[in-house]
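Please keep the sequence and the fold side by side while reading. The paragraphs below go through the sheets, then the loops and the surface.

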Amino acid sequence: MQKRKKEGIFKFNSIFSSEGLCRIVVDKTPYANIEEIVRTVWIGPTQQQQPCFYCSKELQTEKLIIKPGEKIIFSSVDDSKGIFTVHCGILRDSQMHTFVLPLSQEGDFYECEDNQLYTLNEIAQWKIPKSRSRSVTFTNTCNIGDSITFLPVNSGDCVVLTPIYEIQAVMKFQKEILHFLSDLDVEVKDVTDCYNINSFLQSLSVKDILERRSDEFPIVVAVTESFIGNKQSYNWLCPGREVVIYKKCQARRILASEFKKDSYKRHFLIPTSYKGKFKRRPREFPTAYDLEIARSMKEKLHVSATKAFASPHEELCSVSVGDEFLIPQLQTSEMADPERTTVGEALACEQILLLNKTYKSVRLPMNMEGGFVELVHDKRQYELLELCKDFCLPFNVKVSVRDLSVQEDVLADILCLQLEEEIIDSFLLVSALNNPSEIWEVPVHRLTMSFQFLRKHVEDTMYFPVKSVVEEITEEQYYMMRKYENQTITPPPRPPKAYTAEESKISFLPVSAE
């Protein structure tokens, strides 16, 4: 038996607040049939929630023969007149072939290797089979606020996650939620028919609130449980507090990160109502392709080379460290061109000849393994919306005038902040019942809360200005943002790293790369 160097047992309710990204260690214990897989493994609608197995023997289906060791994707479970089947697929020659397997299908089914990164939240929800443990290795952890880094990082050791289930219960006419471990040795008698269910607390999760229709708001609720983590701006949402939820809404946020070479970076969600001002900071570009996609209509891009590159083609420019280039502005016709992300063979620009201050038209190969740093001459102070309108993200800035509307501006001390992308997030508009003049945007996906429904809010509603704050998010929450928020947007292809000697001098079209 393989010796495990480190073991840890985590309660599910603790996992949701823990930090870190991890990889699954494949479970070598086989499943005897499809029914055992369906009974113990979560099969969800998204790609990340669809498990993959292979069988040690050949499988015969109506459409095709599955070879031993061939990767089978389990996509969904179907119930047709009480007969359960599993919809599956295999990828052959870049084409997906679908088929169904009955629950009675026998064979030794093993988990496939999974190199995907998961959060502990995802592991807890999707990747721990019932009655089994899950071994994982952590790739990174973070330490924000009062959280403690207690997990091994890149050590190669396995951590065994074992779920400890608990039951949540309430007493009659009581608000407190009681927690019982599922292995508690007690006798339980079902007395459901003897009591009015309305005399017990009806707990609502944030998900339950979001599923309500718009015409059911505003409502008055009492907070019964809350975990706010490091988000001190929401510490007034404590258990027992009665609040008014006016409506659910979506709002824009700018996802930003501290820009530095260290592995640990702080991450933020900045509301567009942020009242501070920014000054530009130099950006770095690893390739000429990055210069192409960073062009804007506002100005020419002035850069200096930080790495030499010798072009193997006479038509293209070689680069020395310190060479300066002017990248042309983006024209209106290019902005309207939906094919702008299609990269040509080279980037046309001007080289600044420093000796006599003249300009030379040159072409830089899109794939050049060099590097550039921006030379910023703009001393203006910008508001956040100006930057998002005039420049392409990502964009580097520093706070020059802090937001005076808040007591402490967490962005003010960041030496360089990279504005990465604009996202749309879900919020609830909430105020304390006794202080309706302060209405806050409360994020629904990053606060763990439970509510007790009290009544419909029938008083005349006066909507005061909504308050929003800069939200510092954890490494796990940042990862979830990048993974899910814009997964429908296909990024432009990256150019190849280098040309081979056999390539034609005029063939510089890029190929896609991960």
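Two strands are said to pair if DSSP finds at least two bridges between them, where strands (E, at least two residues) and helices (H or I, at least four) are DSSP runs numbered from the N terminus. The model is a predicted one, in which local features need pLDDT of at least 70 and side-chain atom pairs count only at pLDDT 80 or more, while totals for chains, interfaces and linings use all residues. Residues are numbered from 1 along each chain as its sequence is written, and side-chain values use heavy atoms, with hydrogens and water left out.

The antiparallel strands β7 (residues 83-92) and β8 are joined by 8 bridges, and R92 has Q95 of β8 as its bridge partner. In the loop between β7 and β8 lies D93, whose phi is near 50°, a positive value in a residue other than glycine. D93 is exposed, with a relative accessible area of 75% (exposed means over 50%, buried under 20%, and partly exposed in between, with a 1.4 Å probe and protein chains only).

Another open sheet of 6 strands, with antiparallel pairing, has the order β20-β25-β21-β22-β23-β24. Its edge strands, β20 (284-285) and β24 (358-365), each pair on one side only. β20 pairs with β25 (residues 371-374) in the antiparallel sense over 2 bridges, and F285 stands opposite F372 in β25. The loop between β23 (346-353) and β24 holds K357, which has a positive phi of about 55° although it is not a glycine; K357 is exposed, with a relative accessible area of 60%.

Two cis peptide bonds can be located in loops. F217 and P218 are joined by a cis bond with omega about -5°, and P218 is placed in the loop between α4 (206-210) and β16 (219-227). The bond from L393 to P394 is cis with omega near 10°, and P394 is found in the loop between α7 (384-390) and β26 (395-401).
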